[in-house]
Amino acid sequence: MTTAVHRSRWIIFILGLCTIQINGHYLDQFYCGQDNCYELLGVTRESTKQEIAKNYRQLARKYHPDVHHGVEQKQVAEELFKKIATAYEVLKDEESRNDYNYMLDNPQEYYSHFYRYYRRKTKIDVRLVVVVTISIISCIQYISRWQRYDTAIKYFMSLPKYRNKALEMINQSQSNGSTSGGKRVKLSKAEQKKEHDEQIRKVIENNMDIQGAYAKPEITDILWIQLFLLPYTIGRYCCWAVRWFWKFSILKQPYGREEQLYIIRRNMKLTSVQFNAIETETVDMFLKQELWITSNFERWKIEQENEKKKQMADNPRYKAYRRYMKNHGPGRLTFEE
């Protein structure tokens, strides 16, 4: 519920920014803008509908552009006539008048004014807008994940290493399986290639464990499901935090493999998706080096930075770049060939 309210406020805020500019406690083009609707009509907040309508008719006759002559007088009258008509539109309706009174009493509550104003103008419940927005984001999120997964599968299919391995598994499966006595329909070369690629893809999908951003999408990854599971996720995290504090801070028990990997990932400032994409051999090396210990991790980090500097120093492109910066410097314009 908190997330939905927060998103709805942001949507209303963005809609408001399209036509509204904040100036002090007033909102331009919002109700009567910087003017007071009651003052424009010469009435008070206690005036009845009949009094408001009577004053509006009198002022409308007085400032109607058709009763004025001269270009300048006509323009001034037209501006006043528009303001008076806007003020009457605000005050003649009871709901609109209540919203306007609320804005006068609470000028600092911008979000609430946006909500009240656009809910009445568009006749669309903001909650419906939030639901549609989350649904669209969820669909785009799920489709994009499938596209990334499909890209990864096609990439592995193009590599000879994985393609040949898949072919071996297919041939072995066909040799171990029973042969059918029926006649096989003769296929064209294009159809044979398509069937062949489908078999390779199926083998790779079943045996390849793709991690990280290109992993096979799960229904629990989309935004709607995550919002639905949010209370469970928060409760699970609280239980985990209490268990961690009790087990390792109070009882001083040694870390297990799962806890060691968590600390290493936290030290490296990686997300779970990024860390899961690291090869198993590299992760085992992290554990062997005991990188969950702060001193060991700091030493390993310095070694990695020095190794990276050494590789860059030996890189011909980086050497050429350093020579260029040394001879020409940044931002220097030359006409040398």
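Predicted model: local features only at pLDDT ≥ 70, side-chain atom pairs only at ≥ 80, totals over all residues.

**Helix α3.** Helix α3 covers residues 49-63, which makes 15 residues, and at 1.5 Å a residue they should span 21 Å. I checked the end C-alpha atoms and they are 21 Å apart, so the length agrees.

Next I asked myself which residues of α3 are buried. The list I got is I52, A53, N55, Y56, L59 and A60. They take up an arc of only 165° around the axis, so they sit on the same side of α3. Then I turned to the face pointing away from that buried side, and there I found the exposed residues Q50 and R61.

What covers the buried residues of α3? My answer includes α2 (37-41), α4 and α5.

**Where α4 meets α5.** The axes of α4 and α5 come within 5 Å and cross at roughly 100°. That angle falls between 65 and 115 degrees, so I wrote the two helices down as roughly perpendicular. On the α4 side the contact is made by E89, V90, L91 and K92, and on the α5 side by E94, S96, R97 and Y100. I sorted these by class and got 3 nonpolar, 1 polar and 4 charged residues.

I picked out V90, which is in helix α4 (residues 71-92). Is V90 buried or exposed? Its relative accessible area is 7%, under the 20% cut-off, so V90 is buried. I then listed what V90 touches, skipping neighbours within four places in sequence: Y31, C37, S96, R97 and Y100.

**N101, over in α5.** Helix α5 runs over residues 94-105, and N101 is found in it. Its relative accessibility is 13%, so N101 counts as buried. Leaving out residues up to four places away in sequence, I noted that N101 touches Y38 and R45.

**Stepping back to the whole chain.** I went for the overall counts at this point. How many helices and strands does the protein chain have? I have 16 helices and 2 strands in my notes. The protein chain has 337 residues, and buried residues make up 24% of them. I also looked up the contacts with a separation of 6 or more: 62% of them are between residues 24 or more positions apart.

**Helix α15.** I repeated the length check on α15 (residues 294-314), which has 21 residues. From its first C-alpha to its last, α15 reaches 30 Å, close to the 30 Å expected at 1.5 Å a residue. The buried residues of α15 are N296, F297 and W300. Seen down the axis they fall within an arc of 90°, so they line one face of the helix. On the face turned away from the buried side I found the exposed residues T294, K309 and K310. The buried residues of α15 pack against α12 (257-268) and α14 (280-288).

**Where α12 meets α14.** I followed up on those two partners. Their axes are 11 Å apart, and α12 and α14 pack at an angle of about 95°. So I put this pair down as roughly perpendicular to each other. From α12, the residues R257, Q260, L261, I264 and M268 meet V283, D284, F286 and L287 in α14. By class, the residues of this contact divide into 6 nonpolar, 1 polar and 2 charged.

**Two loop residues with positive phi.** Last, I went to the loops. K269 lies in the loop between α12 and α13 (272-276). K269 is not a glycine, although its phi is positive at about 60°. Its relative accessible area is 74%, so I noted K269 as exposed.

The other one is E290, in the loop between α14 and α15. Phi of E290 is near 55°, again a positive value in a residue other than glycine. How exposed is E290? Its relative accessibility is 35%, so E290 counts as partly exposed.

Conventions
Residues numbered from 1 in each chain as written. Heavy atoms only, no water. Helix = DSSP H or I, 4+ residues; strand = E, 2+ residues; numbered from the N terminus. Buried < 20%, exposed > 50% of the residue type's maximum accessible area, 1.4 Å probe, protein only. Contact = heavy atoms within 4.5 Å. Expected span 1.5 Å × (residues − 1). Arc of directions from axis to C-beta. Axes fitted to C-alpha atoms, helices over the stretch in contact; angles between N-to-C directions. Parallel < 35°, antiparallel > 145°, perpendicular 65-115°, else oblique. Nonpolar A, V, L, I, M, F, W, Y, C, P; charged D, E, K, R; others polar.
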